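Here is a short briefing for a first look. Start with the overall picture, then move to selected details.

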Amino acid sequence: MTARRVRATERDANDLAGDDLGGSGFERPITRWVLVLVWTTGAVHGFLVGRLPSDGPFLPAAYAAALGAVLLLTVRAPRPLGRASALALSACVVFSSVVGLFEFTYTPEYASLWLLQFPTYMAAMMIARGNPWFGGITCAVIFTLTLAWAVDVSASATTVARVLTNPVVGVIVGYVWLAGIRHFTRRERTARDAAAQAQARADADDAAIRAANADLAEIAAAARGPLNDLVGGRELDASFHLELSIREGLIRDRILAPQLRHPSLEEAISRARTRGIDVVLLGEPDAQRRLAEVHADALRMVVDSVDLGRIVIRSVPPGRAEAVTVVVDRDGLVERISFAADPHQRTVDNPPN
C-alpha cells in the first residue's frame, strides 16, 4: 500500500495543474473588505462633488453595478470564478464603464472618470483570479467602447490617453499578475510534492524494514527451540530429525511463499509433515497478497486427505484464471487440482484413476 502511495504521489507531481490557483487570494474576506472600502471612498467622493444622488437612475445603478462587480470578484470559493459569475461580473463592469463614459462626456470630472476606472480594475483582477479570457475580453470591450466614444465626441488626444490608460495598463497588469501567481504556485507545489514524495519513500522504507524485522523475528522464534535443544546436547534421533525438518519447512514456506500463509493451512501442513508427507510450497514472494479464506479451507482439506506421497502447492501470479494449484503424488498416482481466482470455483484437471 505504501508503494502504491509513492507511485500516486509521483503521478501527482508530474501532473502539475498550472491553472489550479485556488482563488488567487481574492476569495479571502480581507480582500473583499478592502475593495468594498475602495468602492466606498469613490461613492463618498461622488456625494461630496454632487454627482450622487443623481436625477436619473443610471448613475446610482452604475455605482451599484461597480459594487456588484466587487462582490462577484471576491466570492468566497477557492477557485476561479464560474462562467455565470464571470459573465455577471463582466456585465457589471461594462455597464458601469458605459455610464461612466456618458457622464464624463458632460462632466469631465474625477467622479465620472473614477466610475470608468474602478470597474476596469475589477476586470483586470478577474484575470489574476484565474479567468484570463473573461477578464481580457472585458478589458478589450471597454477599450473598444472607449475608442468609439472618443471618435464620436472628437475627444482630444490628451483626453483619450487619460481615459484609455486604465483599460490598457489594467489588462497588462492583470496578465503579469496571473503569470506571477502561476509561477510561484508551480514552484510551491513542486517543493511540496517533492517533500511528500520524500516522506512517502521514507514511510515505504520504514514499512519494509518493519516487515523484514517481523519476518526475522518469526523465523528466529521458529528456529530458537530446536537450536537451543541442539546446544543443550539433545540427541539427534528420528523424532528430533522430524521436528527439525518440520521447522525447516515452516521457515522455508514463510520465505518462499508468504502469500500462502494461513494459520489453518500451516497447521494442516505441519500435521502432514508429521505423517511423513513431503509438502512443498512454491510462489513468488509477495507480502501484499493474501490467501482467500475459502482457498485456505479447501487447501487444508486437500492436505488432510493425503496419507502418503508428496504435495506441491503453488501460488499462481496475478492475472491468471487460477489462483492456486495443487499437485498430489500418491506414489505415482498424480492428481492436479486448481483453484480459480474466483474462490467459488474449483476444477480437477487430472483426477486419479
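Predicted model: local features only at pLDDT ≥ 70, side-chain atom pairs only at ≥ 80, totals over all residues.

**Overall build**

- The protein has 353 residues, and 39% of them are buried.
- Its secondary structure consists of 10 helices and 5 strands.
- Take the contacts between residues at least 6 apart in sequence: 67% of these join residues at least 24 apart.

**Helices H2 and H3**

- Two packed helices are described by the angle between their axes and the distance between the axes.
- Helix H2 covers residues 29-48, and helix H3 covers residues 58-73.
- Their axes come within 9 Å and cross at roughly 170°.
- Angles over 145 degrees count as roughly antiparallel, so H2 and H3 are roughly antiparallel to each other.
- On the H2 side, the contact is made by Arg32, Leu35, Val36, Trp39, Gly42, Ala43 and Gly46.
- On the H3 side, Tyr63, Ala66, Leu67, Val70, Leu71 and Leu73 meet them.
- By class, this contact between H2 and H3 has 10 nonpolar, 2 polar and 1 charged residues.

**Threonine 74**

- Threonine 74 sits in the loop between H3 and helix H4 (83-106).
- Is threonine 74 buried or exposed? Its relative accessible area is 0%, so threonine 74 is buried.
- Which residues touch it, leaving aside neighbours within four places in sequence? Threonine 74 is in contact with Phe26, Glu27, Thr31, Arg32, Leu35 and Arg129.
- Arg32 and Leu35 belong to the H2 residues that meet H3, and both also contact threonine 74.

**Salt bridges**

- Side chains of opposite charge can pair when their charged atoms come close.
- The count comes to 7 salt bridges. Three of them are described below, by residue pair.

*Arginine 271 and aspartate 304*

- The side chains of arginine 271 and aspartate 304 form a salt bridge, at 3.0 Å from N to O.
- This pair links distant parts of the chain, 33 residues apart. Arginine 271 is in helix H9 (residues 263-274), and aspartate 304 is in helix H10 (residues 293-304).
- Arginine 271 is partly exposed, at 37% relative accessible area.
- Aspartate 304 is partly exposed too, at 28%.
- Salt bridges that share partners join Arg271, Arg300 and Asp304 into one network.

*Aspartate 278 and arginine 310*

- A salt bridge joins the side chains of aspartate 278 and arginine 310, at 2.8 Å from N to O.
- Where do the two partners lie? Aspartate 278 is in strand S1 (residues 278-282), and arginine 310 is in strand S2 (residues 310-315).
- They are 32 residues apart, and the pair links distant parts of the chain.
- Aspartate 278 counts as partly exposed, at 35% relative accessibility.
- Arginine 310 is partly exposed, with a relative accessible area of 38%.

*Glutamate 335 and arginine 330*

- The side chains of glutamate 335 and arginine 330 meet in a salt bridge, at 3.3 Å from N to O.
- Glutamate 335 has 12% relative accessibility, so this residue counts as buried.
- Arginine 330 is partly exposed, with a relative accessible area of 24%.

Conventions. Residues numbered from 1 in each chain as written. Heavy atoms only, no water. Axes fitted to C-alpha atoms, helices over the stretch in contact; angles between N-to-C directions. Helix = DSSP H or I, 4+ residues; strand = E, 2+ residues; numbered from the N terminus. Parallel < 35°, antiparallel > 145°, perpendicular 65-115°, else oblique. Contact = heavy atoms within 4.5 Å. Nonpolar A, V, L, I, M, F, W, Y, C, P; charged D, E, K, R; others polar. Buried < 20%, exposed > 50% of the residue type's maximum accessible area, 1.4 Å probe, protein only. Salt bridge = Lys/Arg side-chain N within 4 Å of Asp/Glu carboxyl O.
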